[in-house]
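Okay, everyone, let's get going. I'd like to talk through some strand pairing and then some charged side chains.

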Amino acid sequence: MKLDKKINSVLKFSTFAWRFKAIAVCLLFTSLQTLAQEGIRPLSGNINYIYKDLNKTENTLNKTANKSAVSLQLPFKEDFYYAPTQMFPDLSLWDSNLSTYVNTGHAIAPPSIGVATFDGLNKYGYPYTPALLNISLSFPADTLTSKPINLLTVGALTLQPTDSVALTFYYEARGFGDSPELNDSLILDLYNPTSAKWNNKVWYARGNSNPNTNDTVFKRVFIMLDSAYYFKDGFQFRFRNTASTAGDFDHFHLDYIYLDKNRKRIADTAYDDITIGYLPTPLLHQYAMMPWEQYVAGEKATNTSVFIRNNGTYSLNITYENRLYDFPGGALLNSYTGGANPGLGIFKNNGWSNYAPHAHPAFNYTFAPFTDSADFKIKHYLYRSGVSNDFFPNNDTVIQYQKFRNYYAYDDGSAEAAYYVSNVGGNIKIAQKFTLNIADTLRSVRIYFDPIGSIALAQSNYHFRLAIWNSIQPGVPPIYLDADSLKTPIYYNNGFKPEPEYKLTIPQVLNAGNYYIGLIQKVASGIGIGFDRNLNHMDNLYFDDGTGWSQSVIPGSLMLHPVFRVSKPYVGVKEFIADKNNSFMVYPNPANDQITLSTGTDKK
């Protein structure tokens, strides 16, 4: 089950021991330290911000921002439910000076779908101070500021400190990202409209005293507004962080923000809310995306996995459904009803729903044969009949996309870390297994190298070759198929940019079967490649650090995408069609390894 892959990924990562913040960073496993040649480390930039093809499909929420000068009214509620289609905070709630990253993949077990992540990167996905040499230092980084809020009146009521106005939120350090240290912080400031000044550091949380500590639990914070100075029109609050600003370091994740009156510190600790926590798994049983010409019925998932949780204090009777639409046309193609689950227990005690019709809904739609790329939109719904008091109703619906392009991908289109293989002697090989259902032509490979790094060094010294093997078995000599010419990773220092694509000098015609496509490189510290920690396909990832091939033991998926031709196989020779007005000669004849084709006007 893909749900098992997701859960196992979380459980296995909770046993890992990390030590980032070093030039030669490596991942140390508490029980697998002998496999230190393979590892993951923080990215230097946010791949999703930098590459155009990874942008969200429907990035429309900011366009409907509230530009009115009128202050917001209580209650203020935000849970970043729009993360599947929007990378920036909602401008109807937040000031336009945005630098936090709204996402669905960086947090572990978030209270609801979507979090805002604070890190060391600016709003363009690049380090605030890329030339910073001492990355153990911490500096001001991201800021998320609310729009002005009216705390003077609520309807006919004039608010007072005795009205128990309080702000609550949930935060997690690290998650699937980098662990903040003690000198890194998440900070809350409150704006005093009476004095027109910010009261800084009303609350803060430091990072972990032990950088190897995993933090997989969201913590609740309760802040009572007990000063009359706040109770004016124009109140604001803001979150900010301090971090190493040289890369994607020191993560704090924020969710479930709620400001309202009549709050209670002890009694007001849970919400009557049902939600989906992660993006459901793809509609393909193996890949997240694949070439449309390679699709056959056996590639379709028979079941998907949906991660449903109950954030309340008692069991609930809920119904799950989904709808499949053509995108962008909008035609309804398929619908599924999982019926009612009469006893969804609270998440604190029971975890994600294990009711099979909800947790593993059957997928019975038959994709028609594709003649071109295709997109599908899936809407997942949760609801309770006759109940309208769900605390965050927007997070009851999650939007997901299934795409068919001309390349394979195991990852979900996001990266939470950089994967690398190190070896002092170089000669490092990395490959992913892909299965062709019909003969096709491999013409290029998209590789999402960590987009910043030491750019000058990378462009002058980092080299690799694309390579293909048609057999890899640990402990057995591989069957080597081909290696291409020497190439240099493409790094961008400003974006947005098209995806990096590395073309083969001679496209390779491959028959149906299994192939291991990857690269050979000699950089001792390893060239970082984007790594998705949410979809686990480590069983298809292999590496050779110079001692022979091994299967990966790090749960996740490498962002390495082989691109295939979308028409008849290409054999590398321009087609020549003779007619009665021209003739041609082929020489020498016989030939050993080279021939010349001569026409009246050209030679090939």
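So, a term before we start: two strands count as paired if DSSP finds at least two bridges between them. And keep in mind that this is a predicted model.

Let's start with β31, residues 529–532. Strand β24, residues 417–421, runs antiparallel to β31, and three bridges join them. In that pairing, tyrosine 419 stands opposite isoleucine 529. β31 also pairs with β34, residues 557–558, again antiparallel, through two bridges. There, aspartate 532 has serine 557 of β34 as its bridge partner.

Now the charges. How many salt bridges do we get? The count comes to eleven.

Take lysine 429 and aspartate 544, whose side chains meet in a salt bridge at 3.8 Å, N to O. Lysine 429 is in β25 and aspartate 544 is in β32, so this pair ties together parts that are 115 residues apart in sequence. Both lysine 429 and aspartate 544 are buried.

Next up, glutamate 501 and arginine 446, a salt bridge at 3.0 Å, N to O. That one links distant parts of the chain too, with glutamate 501 in β29 and arginine 446 in β26, 55 residues apart. Arginine 446 comes in at 10%, so it counts as buried, given that the cut-off for buried is under 20%.

Then there's aspartate 484 with lysine 487, at 3.2 Å, N to O. Both aspartate 484 and lysine 487 are buried.

Conventions. Residues are numbered from 1 along each chain as its sequence is written. This is a predicted model: local features need pLDDT of at least 70, side-chain atom pairs count only at pLDDT 80 or more; totals for chains, interfaces and linings use all residues. Side-chain values use heavy atoms; hydrogens and water are left out. Helices (H or I, at least four residues) and strands (E, at least two) are DSSP runs, numbered from the N terminus. A salt bridge is a side-chain nitrogen of Lys or Arg within 4 Å of a carboxyl oxygen of Asp or Glu. Buried means under 20% relative accessible area, exposed over 50%, partly exposed in between (1.4 Å probe, protein chains only).
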